[in-house]
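Please view the sequence and the structure first.

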Amino acid sequence: MDLVSIVKEGFTGSLLSVLQIGAIVIPLMIFIELIKDLNILSRLTIVIRPAMRIFQLPSEASLPLLAGLIFGITYGAGVILQAARDGHLSKRDLYLISTFLVIFHSLFEDTMLFVAIGANGFILIFVRLILAVGITFIAARFAFHEQKQSLHR
């Protein structure tokens, strides 16, 4: 195989991959913009507020958590930073939200991208969700245990 055919094959393969990713990401970004414009995210926070009790988080934590889950870690971080500046969340709350989102962020986009390259989406979501809930649950129960004890002395 000569250098020209190697470059040609690499170029066409890369172009095809970019087009496949674009076919997933562009409609997804349009969907995300619609969700933001229609204010659906704030309505969804009401639905997950009971789940916040599992992690011992206030209801104000639901919006940053949902933002990171649906829109990704970057947008979620912006919402988390704004909530921190507003003083609605404690350091513990921010730690738990971040812990959950490190494992289970960008639910739709990441899943679609991995499915495009051959992963099983259901297994991917299931494993990420179980890990995120489990590790965040453990962190909620034990990570700040010493800090609570030192406050009571």
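## Helix packing

H3 and H4 are roughly antiparallel to each other, an angle over 145 degrees being counted that way. Their crossing is right-handed (the near helix is turned clockwise from the far one by less than a right angle). This is a predicted model, in which local features need pLDDT of at least 70 and side-chain atom pairs count only at pLDDT 80 or more, while totals for chains, interfaces and linings use all residues. Residues are numbered from 1 along each chain as its sequence is written, and side-chain values use heavy atoms, without hydrogens and water.

Helices are DSSP runs of H or I with at least four residues, numbered from the N terminus. Axes are lines fitted to C-alpha atoms over the stretch in contact, and angles run from 0 to 180 degrees between N-to-C directions.

| Helix pair | Axes come within | Crossing angle |
|---|---|---|
| H3 (residues 62–71) and H4 (residues 73–86) | 7 Å | roughly 165° |
| H4 and H5 (residues 91–103) | 11 Å | roughly 175° |

In H4, Ile73, Ile80 and Ala84 meet Leu94, Ile97, Leu101 and Val102 of H5, where contact means heavy atoms within 4.5 Å. This contact has seven nonpolar residues, no polar and no charged ones (Ala, Val, Leu, Ile, Met, Phe, Trp, Tyr, Cys and Pro count as nonpolar, Asp, Glu, Lys and Arg as charged, the others, Gly among them, as polar).

The chain has an average pLDDT of 83, and 92% of the residues score at least 70; pLDDT is the predictor's confidence in each residue, from 0 to 100.

Methods: Helices (H or I, at least four residues) and strands (E, at least two) are DSSP runs, numbered from the N terminus. Angles under 35 degrees count as roughly parallel, over 145 as roughly antiparallel, 65 to 115 as roughly perpendicular and the rest as oblique.
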